[in-house]
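The following note sets out points for a colleague to consider when reading the model.

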Amino acid sequence: MLKWALIFFVVSLIAGFLGFSGVSAATAGIAKILFYIALAVFLIFLVLAFMAGSAVV
């Protein structure tokens with residue numbers, strides 16, 4: 001998911017450079033949403049890993 005966020009970010013930069021401000025804003029919004037979803041999933045798995053590690057010991 002983070003890979004897709006990076007792809008949308010690059011597309012946004014290229015579209016902004018070429019003057020397509022509407023496309024640039026839309027792809028930047030999508031990239032931001034995907035980044036926050038990936039961050040949330042990472043934090044959930046991090047908490048689950050700590051909980052599983054404490055259950056084993």
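**Notes on the predicted model**

1. Isoleucine 33 has its place in helix α2, which covers residues 21–56. The model under review is a predicted one. With a relative accessible area of 54%, isoleucine 33 is exposed, because the cut-off for that class is over 50%.

2. Isoleucine 33 also belongs to a nonpolar surface patch, together with Met1, Ile37, Val41, Ile44, Phe45, Val47, Leu48 and Met51. The accessible area of these residues together is about 870 Å².

3. As to the overall fold, the protein chain contains two helices and zero strands. Its radius of gyration is 17 Å, whereas the globule rule gives 10 Å for 57 residues; the value is well over that figure, so the chain is more spread out than a compact globule. Taken along the principal axes, the box filled by the C-alpha atoms is roughly 55 × 15 × 10 Å.

4. The surface totals may be read beside these dimensions. The protein chain exposes about 4500 Å², of which carbon and sulfur atoms supply 85%. Buried residues account for 14% of the 57 residues.

5. Which residues does serine 12 touch, leaving aside those up to four places away in sequence? They are Ser24, Thr27 and Ala28. Serine 12 is found in helix α1, and its relative accessible area of 7% makes it buried, since the limit for that class is under 20%.

6. Serine 24, one of the residues touched by serine 12, lies in helix α2. Its relative accessibility is 14%, and serine 24 therefore counts as buried. When residues up to four places away in sequence are not counted, serine 24 touches Ser12, Ala15 and Gly16.

7. Is alanine 31 buried or exposed? This residue of helix α2 is buried, at a relative accessible area of 8%. Residues up to four places away in sequence aside, alanine 31 touches Ala5, Phe8 and Phe9. The C-alpha atoms of alanine 31 and valine 11 are separated by 9.5 Å, with the two residues 20 apart along the chain.

8. Phenylalanine 50 is likewise found in helix α2. At 60% relative accessibility, phenylalanine 50 counts as exposed. Between the C-alpha atoms of phenylalanine 50 and serine 21, which are 29 residues apart along the chain, the separation is 43 Å.

9. The count of aromatic pairs comes to two. One of these is formed by tryptophan 4 and phenylalanine 8, with 6.5 Å centre to centre and 45° between the planes, and this pair is tilted. An angle of 45° is given for the pair; the tilted class applies because stacked planes are under 30 degrees apart and edge-to-face planes over 60.

10. Why are tryptophan 4 and phenylalanine 8 separated by about one helical turn? The two are four residues apart in helix α1, which covers residues 2–18, and this spacing is the reason for the separation of about one turn. Their accessibilities may be stated individually: tryptophan 4 counts as exposed, at 51%, and phenylalanine 8 as partly exposed, at 25%. Phenylalanine 8 is also among the residues touched by alanine 31.

Definitions and conventions: Residues are numbered from 1 along each chain as its sequence is written. This is a predicted model: local features need pLDDT of at least 70, side-chain atom pairs count only at pLDDT 80 or more; totals for chains, interfaces and linings use all residues. Side-chain values use heavy atoms; hydrogens and water are left out. Patches are made of residues with over 30% relative accessible area and no salt bridge: like charges are joined within 9 Å, nonpolar side chains (Val, Leu, Ile, Met, Phe, Trp, Tyr) within 5 Å. Accessible areas come from the Shrake-Rupley method with a 1.4 Å probe; for residues, only the protein chains shown count as cover. A salt bridge is a side-chain nitrogen of Lys or Arg within 4 Å of a carboxyl oxygen of Asp or Glu. Buried means under 20% relative accessible area, exposed over 50%, partly exposed in between (1.4 Å probe, protein chains only). Contact means heavy atoms within 4.5 Å. Rings of Phe, Tyr and Trp (its six-membered ring) pair if their centres lie within 6.5 Å; planes under 30 degrees apart count as stacked, over 60 as edge-to-face and the rest as tilted. The radius of gyration is taken over C-alpha atoms; the globule rule is 2.2 Å times the number of residues to the power 0.38.
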